[in-house]
Amino acid sequence: MQADQNLDCKGLSCPMPIIKLAKTMKKMASGEVLEMLGTDPGSKADVPAWCEKTGNVFLEHSEEGGTHTFYIKKK
Amino acid sequence: MFKKGVLRELFDSLFGKSWPMWVGGILLAMMNILLFVIKYPWGSSSGYTNIGQNIFQIIGVTSLGTKVPISLHAVALLNIFVVVGAFVSSLFSREFGIRISPVGELVKGFVGGALMAIGATVGAGCTTGGFFTGLAALSAGALTLAAGFMIGTFVALRYLLWEMEALPNISMGKSFIFLTGTGKKTGWQRWLGWLMIALVLFLFNTYTASSSGAMKIIGWHIMIGLILGMILQRSRYCIVRAFREPFMTGEATAPVAVMLSILVALVGFTVIKYFGVGNAGEFAARAIEMKGVYANFWLRALIGGFIFGLGMTVAGGCAVGTLWRAGEGHVKLWFAALGFVIMAPLSKGFIVPAVKKLLPESMQKQMFLPDILGYTGAVVLVLFILLLWYMFAKWNEKTGKFSAL
(Lines give C-alpha, C1' and ligand atoms only; values in the text may rest on other atoms or scores of the structure.)
Protein backbone atom coordinates (compact mmCIF):
# COMPACT_ATOMS: atom_id res chain seq x y z
CA MET A 1 0.00 0.00 0.00
CA GLN A 2 1.18 3.54 -0.80
CA ALA A 3 1.65 5.82 2.17
CA ASP A 4 1.96 9.60 2.24
CA GLN A 5 3.50 9.65 5.70
CA ASN A 6 5.50 7.23 7.85
CA LEU A 7 5.63 6.89 11.60
CA ASP A 8 8.10 4.63 13.38
CA CYS A 9 7.03 3.60 16.89
CA LYS A 10 9.21 0.52 17.16
CA GLY A 11 10.36 -0.22 20.69
CA LEU A 12 7.84 2.17 22.25
CA SER A 13 5.23 1.02 24.71
CA CYS A 14 1.84 2.38 25.69
CA PRO A 15 0.92 5.29 25.66
CA MET A 16 3.68 6.69 23.41
CA PRO A 17 2.53 5.10 20.11
CA ILE A 18 -0.98 6.55 20.40
CA ILE A 19 0.30 9.99 21.42
CA LYS A 20 2.65 9.99 18.42
CA LEU A 21 -0.08 8.71 16.12
CA ALA A 22 -2.44 11.49 17.17
CA LYS A 23 0.26 14.12 16.77
CA THR A 24 1.25 12.90 13.29
CA MET A 25 -2.32 12.60 12.06
CA LYS A 26 -3.06 16.14 13.18
CA LYS A 27 -0.55 17.45 10.65
CA MET A 28 -1.84 15.35 7.73
CA ALA A 29 -4.36 16.40 5.10
CA SER A 30 -7.71 14.72 4.67
CA GLY A 31 -7.50 11.54 2.57
CA GLU A 32 -3.77 11.01 3.14
CA VAL A 33 -2.57 7.59 4.28
CA LEU A 34 -0.21 6.94 7.19
CA GLU A 35 1.99 3.87 7.54
CA MET A 36 2.75 3.21 11.19
CA LEU A 37 5.25 0.66 12.52
CA GLY A 38 5.17 -0.57 16.09
CA THR A 39 6.22 -3.46 18.31
CA ASP A 40 3.79 -3.12 21.23
CA PRO A 41 1.21 -5.94 21.12
CA GLY A 42 -1.24 -3.51 22.71
CA SER A 43 -1.28 -1.46 19.52
CA LYS A 44 -3.19 -4.25 17.74
CA ALA A 45 -6.29 -3.19 19.65
CA ASP A 46 -5.41 0.40 20.49
CA VAL A 47 -4.84 1.70 16.97
CA PRO A 48 -8.18 0.48 15.53
CA ALA A 49 -9.97 1.68 18.68
CA TRP A 50 -8.41 5.12 18.36
CA CYS A 51 -9.38 5.28 14.68
CA GLU A 52 -12.95 4.38 15.47
CA LYS A 53 -13.10 6.95 18.24
CA THR A 54 -11.70 9.72 16.06
CA GLY A 55 -13.43 8.80 12.81
CA ASN A 56 -10.23 8.06 10.89
CA VAL A 57 -10.27 5.03 8.62
CA PHE A 58 -8.33 1.96 9.74
CA LEU A 59 -7.24 0.31 6.51
CA GLU A 60 -4.94 -2.59 7.25
CA HIS A 61 -2.83 -4.38 9.81
CA SER A 62 -0.10 -6.97 9.30
CA GLU A 63 2.64 -8.45 11.42
CA GLU A 64 6.06 -9.81 10.64
CA GLY A 65 8.60 -10.88 13.24
CA GLY A 66 6.97 -8.91 16.02
CA THR A 67 6.73 -5.68 14.04
CA HIS A 68 3.20 -4.50 13.35
CA THR A 69 2.38 -2.37 10.31
CA PHE A 70 -0.80 -0.29 10.30
CA TYR A 71 -2.32 1.76 7.49
CA ILE A 72 -4.64 4.57 8.47
CA LYS A 73 -6.44 7.09 6.30
CA LYS A 74 -7.13 10.54 7.66
CA LYS A 75 -10.78 11.47 7.55
CA MET B 1 2.40 -28.30 18.79
CA PHE B 2 -0.93 -30.10 19.02
CA LYS B 3 -2.55 -32.12 16.28
CA LYS B 4 -5.34 -29.96 14.94
CA GLY B 5 -8.19 -30.82 17.22
CA VAL B 6 -10.20 -29.86 20.22
CA LEU B 7 -7.17 -29.24 22.41
CA ARG B 8 -5.69 -26.92 19.82
CA GLU B 9 -9.02 -25.17 19.59
CA LEU B 10 -9.05 -24.65 23.36
CA PHE B 11 -5.49 -23.37 23.36
CA ASP B 12 -6.23 -20.95 20.52
CA SER B 13 -9.35 -19.64 22.15
CA LEU B 14 -7.32 -18.79 25.26
CA PHE B 15 -4.18 -17.51 23.58
CA GLY B 16 -5.14 -16.69 20.00
CA LYS B 17 -6.85 -13.42 20.75
CA SER B 18 -6.75 -10.87 23.55
CA TRP B 19 -9.48 -11.08 26.16
CA PRO B 20 -11.69 -8.07 26.75
CA MET B 21 -10.29 -6.04 29.65
CA TRP B 22 -13.47 -6.38 31.68
CA VAL B 23 -13.17 -10.17 31.59
CA GLY B 24 -9.71 -9.78 33.08
CA GLY B 25 -11.17 -7.40 35.65
CA ILE B 26 -13.69 -9.94 36.91
CA LEU B 27 -11.15 -12.77 37.02
CA LEU B 28 -8.59 -10.63 38.84
CA ALA B 29 -11.20 -9.68 41.42
CA MET B 30 -11.91 -13.36 42.03
CA MET B 31 -8.20 -14.05 42.52
CA ASN B 32 -8.01 -11.06 44.88
CA ILE B 33 -10.82 -12.58 46.96
CA LEU B 34 -8.87 -15.85 47.09
CA LEU B 35 -5.75 -14.02 48.25
CA PHE B 36 -7.83 -12.37 50.99
CA VAL B 37 -9.13 -15.74 52.16
CA ILE B 38 -5.65 -17.27 52.11
CA LYS B 39 -3.92 -14.44 53.94
CA TYR B 40 -4.18 -10.85 52.79
CA PRO B 41 -5.82 -9.15 49.79
CA TRP B 42 -3.73 -8.26 46.75
CA GLY B 43 -1.00 -5.68 47.05
CA SER B 44 2.21 -5.20 45.15
CA SER B 45 4.41 -2.39 46.46
CA SER B 46 5.44 -4.18 49.67
CA GLY B 47 6.84 -6.93 47.45
CA TYR B 48 8.94 -4.43 45.51
CA THR B 49 10.15 -2.99 48.82
CA ASN B 50 11.20 -6.41 50.10
CA ILE B 51 13.16 -7.15 46.92
CA GLY B 52 14.90 -3.78 47.20
CA GLN B 53 15.68 -4.34 50.87
CA ASN B 54 17.25 -7.68 50.00
CA ILE B 55 19.46 -5.96 47.44
CA PHE B 56 20.58 -3.41 50.06
CA GLN B 57 21.15 -6.26 52.51
CA ILE B 58 23.37 -8.09 50.02
CA ILE B 59 25.48 -5.02 49.21
CA GLY B 60 25.97 -4.43 52.93
CA VAL B 61 23.70 -1.43 53.55
CA THR B 62 21.90 -3.25 56.36
CA SER B 63 20.18 -0.10 57.66
CA LEU B 64 18.02 -0.27 54.52
CA GLY B 65 18.01 -4.06 54.43
CA THR B 66 15.79 -6.80 55.79
CA LYS B 67 16.16 -10.20 57.42
CA VAL B 68 13.25 -11.62 55.39
CA PRO B 69 14.62 -13.21 52.22
CA ILE B 70 12.59 -12.99 49.01
CA SER B 71 11.97 -16.75 49.18
CA LEU B 72 9.97 -16.24 52.40
CA HIS B 73 8.14 -13.05 51.42
CA ALA B 74 4.72 -13.93 49.98
CA VAL B 75 4.16 -10.58 48.21
CA ALA B 76 7.67 -10.43 46.70
CA LEU B 77 7.10 -13.93 45.29
CA LEU B 78 3.62 -13.00 44.12
CA ASN B 79 5.20 -10.13 42.14
CA ILE B 80 7.90 -12.33 40.66
CA PHE B 81 5.39 -14.96 39.57
CA VAL B 82 3.12 -12.32 38.02
CA VAL B 83 6.10 -11.60 35.77
CA VAL B 84 6.51 -15.33 35.11
CA GLY B 85 2.78 -15.72 34.36
CA ALA B 86 2.83 -12.85 31.89
CA PHE B 87 5.99 -14.32 30.33
CA VAL B 88 4.33 -17.71 29.87
CA SER B 89 1.15 -16.20 28.51
CA SER B 90 2.99 -13.95 26.05
CA LEU B 91 5.02 -16.96 24.86
CA PHE B 92 1.82 -18.95 24.33
CA SER B 93 0.14 -16.11 22.48
CA ARG B 94 3.23 -15.31 20.40
CA GLU B 95 3.36 -11.81 21.82
CA PHE B 96 6.65 -12.14 23.66
CA GLY B 97 9.60 -10.18 22.39
CA ILE B 98 12.46 -8.30 23.99
CA ARG B 99 11.70 -4.71 23.04
CA ILE B 100 14.41 -2.21 23.78
CA SER B 101 13.11 1.32 23.49
CA PRO B 102 15.23 4.43 22.80
CA VAL B 103 17.46 5.46 25.74
CA GLY B 104 15.27 8.41 26.72
CA GLU B 105 12.36 6.04 27.23
CA LEU B 106 14.47 3.74 29.41
CA VAL B 107 15.34 6.72 31.59
CA LYS B 108 11.65 7.63 31.81
CA GLY B 109 10.95 4.05 32.89
CA PHE B 110 13.50 4.25 35.69
CA VAL B 111 12.34 7.69 36.88
CA GLY B 112 8.70 6.63 36.69
CA GLY B 113 9.46 3.54 38.75
CA ALA B 114 11.31 5.58 41.38
CA LEU B 115 8.39 8.04 41.60
CA MET B 116 5.99 5.11 42.01
CA ALA B 117 8.14 3.81 44.87
CA ILE B 118 8.00 7.19 46.63
CA GLY B 119 4.27 7.50 46.02
CA ALA B 120 3.45 3.98 47.18
CA THR B 121 5.47 4.26 50.38
CA VAL B 122 4.34 7.79 51.22
CA GLY B 123 0.70 7.12 50.32
CA ALA B 124 0.72 3.67 51.94
CA GLY B 125 -0.53 1.94 48.83
CA CYS B 126 -0.30 1.59 45.07
CA THR B 127 -3.08 1.30 42.49
CA THR B 128 -3.56 -2.33 43.45
CA GLY B 129 -3.12 -2.58 47.23
CA GLY B 130 -4.21 0.94 48.07
CA PHE B 131 -6.91 1.55 45.48
CA PHE B 132 -8.33 -1.66 43.91
CA THR B 133 -7.99 -3.63 47.14
CA GLY B 134 -8.41 -0.59 49.40
CA LEU B 135 -11.68 0.57 47.92
CA ALA B 136 -13.12 -2.94 47.94
CA ALA B 137 -11.88 -3.26 51.54
CA LEU B 138 -13.84 -0.09 52.42
CA SER B 139 -10.74 1.89 53.34
CA ALA B 140 -11.37 5.66 53.44
CA GLY B 141 -7.81 6.36 52.29
CA ALA B 142 -8.52 4.65 48.95
CA LEU B 143 -10.75 7.58 48.02
CA THR B 144 -8.15 10.31 48.47
CA LEU B 145 -5.52 8.02 46.97
CA ALA B 146 -7.67 7.82 43.83
CA ALA B 147 -8.02 11.61 43.76
CA GLY B 148 -4.22 11.82 43.97
CA PHE B 149 -3.81 9.33 41.08
CA MET B 150 -6.19 11.37 38.97
CA ILE B 151 -4.34 14.66 39.52
CA GLY B 152 -0.92 13.01 39.10
CA THR B 153 -1.97 11.25 35.90
CA PHE B 154 -3.43 14.46 34.48
CA VAL B 155 -0.24 16.42 35.18
CA ALA B 156 2.08 13.69 33.84
CA LEU B 157 0.00 13.30 30.68
CA ARG B 158 0.37 17.07 30.08
CA TYR B 159 4.10 16.54 30.50
CA LEU B 160 4.12 13.70 27.92
CA LEU B 161 2.23 15.85 25.41
CA TRP B 162 4.60 18.75 26.04
CA GLU B 163 7.62 16.46 25.74
CA MET B 164 6.36 15.26 22.37
CA GLU B 165 6.42 18.85 21.07
CA ALA B 166 9.42 20.28 22.88
CA LEU B 167 11.75 17.29 23.28
CA PRO B 168 10.74 14.80 20.58
CA ASN B 169 14.19 13.21 20.67
CA ILE B 170 13.49 11.52 24.00
CA SER B 171 11.17 9.02 22.38
CA MET B 172 13.17 8.71 19.16
CA GLY B 173 16.34 6.86 18.37
CA LYS B 174 17.56 3.34 18.06
CA SER B 175 15.24 0.58 19.18
CA PHE B 176 15.67 -3.18 19.02
CA ILE B 177 13.42 -6.18 19.13
CA PHE B 178 14.60 -9.75 19.71
CA LEU B 179 13.20 -13.25 20.08
CA THR B 180 9.71 -12.50 18.85
CA GLY B 181 7.12 -15.20 18.57
CA THR B 182 6.20 -14.80 14.93
CA GLY B 183 8.30 -15.69 11.95
CA LYS B 184 10.57 -18.67 11.49
CA LYS B 185 11.84 -21.07 14.13
CA THR B 186 9.61 -19.96 16.98
CA GLY B 187 8.27 -23.32 18.09
CA TRP B 188 10.64 -23.28 21.08
CA GLN B 189 8.67 -20.40 22.57
CA ARG B 190 5.63 -22.47 23.43
CA TRP B 191 7.78 -25.29 24.77
CA LEU B 192 9.55 -22.79 26.98
CA GLY B 193 6.13 -21.68 28.24
CA TRP B 194 5.26 -25.25 29.23
CA LEU B 195 8.64 -25.65 30.86
CA MET B 196 8.01 -22.55 32.98
CA ILE B 197 4.64 -23.95 34.05
CA ALA B 198 6.31 -27.21 35.06
CA LEU B 199 8.83 -25.21 37.08
CA VAL B 200 6.07 -23.31 38.88
CA LEU B 201 4.27 -26.58 39.66
CA PHE B 202 7.48 -27.98 41.07
CA LEU B 203 8.00 -24.93 43.31
CA PHE B 204 4.35 -24.96 44.36
CA ASN B 205 4.69 -28.57 45.32
CA THR B 206 7.91 -27.95 47.24
CA TYR B 207 6.41 -25.14 49.31
CA THR B 208 3.06 -26.80 49.95
CA ALA B 209 4.69 -30.12 50.93
CA SER B 210 6.11 -28.32 53.97
CA SER B 211 4.37 -28.94 57.28
CA SER B 212 4.44 -25.19 58.02
CA GLY B 213 1.27 -23.25 57.33
CA ALA B 214 3.29 -20.17 56.38
CA MET B 215 5.10 -22.16 53.67
CA LYS B 216 1.85 -23.49 52.28
CA ILE B 217 0.57 -19.90 52.05
CA ILE B 218 3.71 -18.86 50.17
CA GLY B 219 3.27 -21.80 47.80
CA TRP B 220 -0.22 -20.61 46.96
CA HIS B 221 1.08 -17.09 46.30
CA ILE B 222 3.41 -18.58 43.69
CA MET B 223 0.50 -20.36 42.00
CA ILE B 224 -1.86 -17.39 42.16
CA GLY B 225 0.92 -15.10 40.92
CA LEU B 226 1.25 -17.25 37.81
CA ILE B 227 -2.52 -17.12 37.21
CA LEU B 228 -2.69 -13.36 37.83
CA GLY B 229 0.15 -12.78 35.38
CA MET B 230 -1.61 -14.78 32.68
CA ILE B 231 -4.94 -12.99 33.21
CA LEU B 232 -3.21 -9.59 33.21
CA GLN B 233 -1.31 -10.27 30.00
CA ARG B 234 -4.26 -11.75 28.11
CA SER B 235 -6.63 -8.93 29.04
CA ARG B 236 -3.97 -6.18 29.07
CA TYR B 237 -5.57 -5.01 32.29
CA CYS B 238 -4.23 -1.59 33.11
CA ILE B 239 -5.14 0.74 35.97
CA VAL B 240 -3.03 3.54 34.49
CA ARG B 241 -5.38 3.53 31.53
CA ALA B 242 -8.40 3.67 33.81
CA PHE B 243 -7.10 6.99 35.12
CA ARG B 244 -5.42 8.23 31.95
CA GLU B 245 -7.79 7.40 29.09
CA PRO B 246 -10.48 9.93 30.06
CA PHE B 247 -7.83 12.64 29.73
CA MET B 248 -6.20 11.13 26.65
CA THR B 249 -8.37 9.40 24.06
CA GLY B 250 -11.58 9.59 26.09
CA GLU B 251 -12.27 5.84 25.81
CA ALA B 252 -14.15 4.36 28.75
CA THR B 253 -13.12 0.72 28.23
CA ALA B 254 -10.39 0.67 30.88
CA PRO B 255 -12.29 2.66 33.54
CA VAL B 256 -15.28 0.34 33.17
CA ALA B 257 -13.07 -2.77 33.45
CA VAL B 258 -11.46 -1.48 36.64
CA MET B 259 -14.83 -0.46 38.11
CA LEU B 260 -16.13 -3.94 37.43
CA SER B 261 -13.21 -5.57 39.21
CA ILE B 262 -13.69 -3.29 42.22
CA LEU B 263 -17.39 -4.14 42.23
CA VAL B 264 -16.77 -7.89 42.26
CA ALA B 265 -14.04 -7.61 44.90
CA LEU B 266 -16.28 -5.32 46.96
CA VAL B 267 -18.94 -8.02 47.23
CA GLY B 268 -16.42 -10.72 48.14
CA PHE B 269 -14.43 -8.59 50.60
CA THR B 270 -17.54 -7.31 52.34
CA VAL B 271 -18.81 -10.83 52.94
CA ILE B 272 -15.39 -11.92 54.23
CA LYS B 273 -15.17 -8.94 56.57
CA TYR B 274 -18.78 -9.03 57.69
CA PHE B 275 -18.59 -12.67 58.73
CA GLY B 276 -14.96 -12.58 59.78
CA VAL B 277 -14.11 -15.39 57.35
CA GLY B 278 -10.58 -16.70 57.66
CA ASN B 279 -8.21 -18.38 59.97
CA ALA B 280 -9.86 -17.52 63.29
CA GLY B 281 -6.85 -18.81 65.21
CA GLU B 282 -4.46 -16.46 63.47
CA PHE B 283 -6.59 -13.35 63.00
CA ALA B 284 -9.28 -11.92 65.23
CA ALA B 285 -12.46 -10.72 63.52
CA ARG B 286 -11.35 -7.09 63.92
CA ALA B 287 -7.98 -7.82 62.34
CA ILE B 288 -9.79 -9.35 59.37
CA GLU B 289 -12.02 -6.30 59.08
CA MET B 290 -9.01 -4.01 59.00
CA LYS B 291 -7.18 -5.89 56.23
CA GLY B 292 -6.61 -3.63 53.23
CA VAL B 293 -7.33 -0.55 55.36
CA TYR B 294 -4.29 1.71 55.61
CA ALA B 295 -3.31 4.62 57.84
CA ASN B 296 -3.35 7.15 55.02
CA PHE B 297 -6.65 9.07 55.14
CA TRP B 298 -6.65 11.69 53.82
CA LEU B 299 -3.69 13.94 53.00
CA ARG B 300 -1.07 11.20 53.19
CA ALA B 301 -2.91 9.20 50.53
CA LEU B 302 -3.54 12.29 48.42
CA ILE B 303 0.16 13.25 48.32
CA GLY B 304 1.32 9.67 47.77
CA GLY B 305 -1.34 9.13 45.11
CA PHE B 306 -0.26 12.26 43.26
CA ILE B 307 3.39 11.19 43.16
CA PHE B 308 2.43 7.63 42.21
CA GLY B 309 0.15 8.99 39.47
CA LEU B 310 3.03 10.96 37.98
CA GLY B 311 5.28 7.90 38.07
CA MET B 312 2.88 5.38 36.58
CA THR B 313 2.00 7.66 33.67
CA VAL B 314 5.61 8.41 32.81
CA ALA B 315 6.61 4.73 33.16
CA GLY B 316 3.54 3.49 31.25
CA GLY B 317 2.45 0.97 33.88
CA CYS B 318 1.49 0.96 37.55
CA ALA B 319 3.13 -1.42 40.04
CA VAL B 320 1.30 -4.45 38.65
CA GLY B 321 1.17 -3.13 35.07
CA THR B 322 4.95 -2.86 35.19
CA LEU B 323 5.21 -6.53 36.21
CA TRP B 324 3.16 -7.99 33.40
CA ARG B 325 4.68 -5.74 30.75
CA ALA B 326 8.13 -6.69 32.03
CA GLY B 327 7.13 -10.35 31.54
CA GLU B 328 6.05 -9.58 27.98
CA GLY B 329 9.53 -8.23 27.27
CA HIS B 330 9.27 -4.42 27.41
CA VAL B 331 12.71 -3.32 28.59
CA LYS B 332 11.41 0.16 29.51
CA LEU B 333 9.31 -1.54 32.19
CA TRP B 334 12.34 -3.56 33.36
CA PHE B 335 13.87 -0.20 34.15
CA ALA B 336 10.66 0.90 35.86
CA ALA B 337 10.77 -2.19 38.08
CA LEU B 338 14.43 -1.49 38.84
CA GLY B 339 13.69 2.13 39.77
CA PHE B 340 10.83 0.98 42.00
CA VAL B 341 12.91 -1.69 43.73
CA ILE B 342 15.86 0.61 44.42
CA MET B 343 13.84 3.64 45.51
CA ALA B 344 11.31 1.88 47.76
CA PRO B 345 13.69 1.08 50.67
CA LEU B 346 15.28 4.56 50.38
CA SER B 347 11.88 6.23 50.53
CA LYS B 348 10.79 4.00 53.39
CA GLY B 349 13.98 4.80 55.27
CA PHE B 350 14.19 8.56 54.71
CA ILE B 351 11.06 10.11 53.18
CA VAL B 352 8.23 8.25 54.93
CA PRO B 353 9.42 8.94 58.52
CA ALA B 354 9.66 12.66 57.68
CA VAL B 355 6.16 12.71 56.14
CA LYS B 356 4.71 10.82 59.09
CA LYS B 357 6.26 13.32 61.48
CA LEU B 358 5.21 16.34 59.45
CA LEU B 359 1.55 15.42 58.98
CA PRO B 360 -0.83 15.64 61.92
CA GLU B 361 -2.50 12.40 63.01
CA SER B 362 -5.83 13.58 61.58
CA MET B 363 -4.35 13.54 58.06
CA GLN B 364 -3.04 9.96 58.17
CA LYS B 365 -5.86 8.07 59.80
CA GLN B 366 -6.51 4.37 59.40
CA MET B 367 -10.19 4.74 58.66
CA PHE B 368 -12.53 1.82 58.02
CA LEU B 369 -15.64 3.28 56.41
CA PRO B 370 -18.17 0.95 58.13
CA ASP B 371 -16.96 2.28 61.51
CA ILE B 372 -18.56 5.60 60.59
CA LEU B 373 -21.28 4.67 58.12
CA GLY B 374 -22.08 1.07 58.99
CA TYR B 375 -21.58 -1.67 56.39
CA THR B 376 -24.64 -0.64 54.38
CA GLY B 377 -23.67 3.02 54.32
CA ALA B 378 -20.06 2.25 53.39
CA VAL B 379 -20.99 -0.09 50.53
CA VAL B 380 -23.59 2.37 49.22
CA LEU B 381 -20.97 5.16 49.32
CA VAL B 382 -18.48 3.09 47.30
CA LEU B 383 -21.18 2.08 44.82
CA PHE B 384 -22.22 5.71 44.47
CA ILE B 385 -18.63 6.78 43.78
CA LEU B 386 -18.22 4.00 41.18
CA LEU B 387 -21.46 5.17 39.56
CA LEU B 388 -20.27 8.79 39.45
CA TRP B 389 -16.97 7.68 37.94
CA TYR B 390 -18.88 5.60 35.37
CA MET B 391 -21.14 8.52 34.43
CA PHE B 392 -18.12 10.80 34.08
CA ALA B 393 -16.18 8.28 31.93
CA LYS B 394 -19.17 7.61 29.67
CA TRP B 395 -20.15 11.26 29.34
CA ASN B 396 -16.56 12.17 28.53
CA GLU B 397 -16.33 9.31 26.03
CA LYS B 398 -19.18 10.93 24.09
CA THR B 399 -18.30 14.57 24.45
CA GLY B 400 -14.49 14.37 24.70
CA LYS B 401 -14.61 17.37 27.06
CA PHE B 402 -11.58 16.27 29.05
CA SER B 403 -9.65 14.32 26.43
CA ALA B 404 -6.55 15.72 24.79
CA LEU B 405 -6.24 13.43 21.76
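Modeller: The model is predicted. Helix α3(B) is mostly covered, with 10 of its 14 residues buried. Those buried residues are S45(B), G47(B), Y48(B), T49(B), N50(B), I51(B), G52(B), Q53(B), N54(B) and F56(B). They pack against four helices of chain B: α4 (74-92), α5 (103-122), α14 (319-328) and α15 (331-358). The length of α3(B), residues 45-58, agrees with expectation, because 14 residues at 1.5 Å a residue should span 20 Å and the end C-alpha atoms are 20 Å apart. After α3(B) comes G60(B), which has a positive phi, near 95°.

Elsewhere in chain B, helix α11 (residues 253-275) packs with helix α16 (residues 369-399) at an angle of about 175°, the axes being 10 Å apart. The angle is over 145°, which counts as roughly antiparallel, so α11(B) is roughly antiparallel to α16(B). On the α11(B) side, the contact is made by T253(B), P255(B), V256(B), V258(B), M259(B), I262(B), L263(B), L266(B), T270(B), K273(B) and Y274(B). From α16(B), the contributors are Y375(B), V379(B), V382(B), L383(B), L386(B), W389(B), Y390(B), A393(B), K394(B) and E397(B). By class, this contact has 16 nonpolar, 2 polar and 3 charged residues.

Chain A has an open sheet of 4 strands, in the order β1-β2-β4-β3, with mixed pairing. The edge positions belong to β1 (5-9) and β3 (57-64) of chain A; each has a single partner strand, so one side of each lacks a neighbour in the sheet. On average, neighbouring strands of this sheet are turned by 15° against each other, direction ignored. The pairing of β3(A) with β4(A) is antiparallel and runs over 7 bridges; within β4(A), F70(A) is the bridge partner of H61(A).

Two helices of chain A pack on this sheet. Helix α1 (residues 16-26) of chain A touches β1, β2 (33-38) and β4 of chain A, and its direction makes about 165° with that of β1(A). Helix α2 (residues 43-54) of chain A touches β2, β3 and β4 of chain A, its direction making about 5° with that of β4(A).

Strand β4 of chain A, residues 67-73, includes T67(A). With a relative accessible area of 17%, T67(A) is buried, since the cut-off for buried is under 20%. Leaving out residues up to four places away in sequence, T67(A) touches K10(A), L37(A), G38(A), T39(A) and S62(A), and also I177(B).

Terms used: Residues numbered from 1 in each chain as written. Chains lettered and ligands numbered in written order. Predicted model: local features only at pLDDT ≥ 70, side-chain atom pairs only at ≥ 80, totals over all residues. Heavy atoms only, no water. Axes fitted to C-alpha atoms, helices over the stretch in contact; angles between N-to-C directions. Parallel < 35°, antiparallel > 145°, perpendicular 65-115°, else oblique. Contact = heavy atoms within 4.5 Å. Nonpolar A, V, L, I, M, F, W, Y, C, P; charged D, E, K, R; others polar. Expected span 1.5 Å × (residues − 1). Buried < 20%, exposed > 50% of the residue type's maximum accessible area, 1.4 Å probe, protein only. Pairing = 2+ DSSP bridges.
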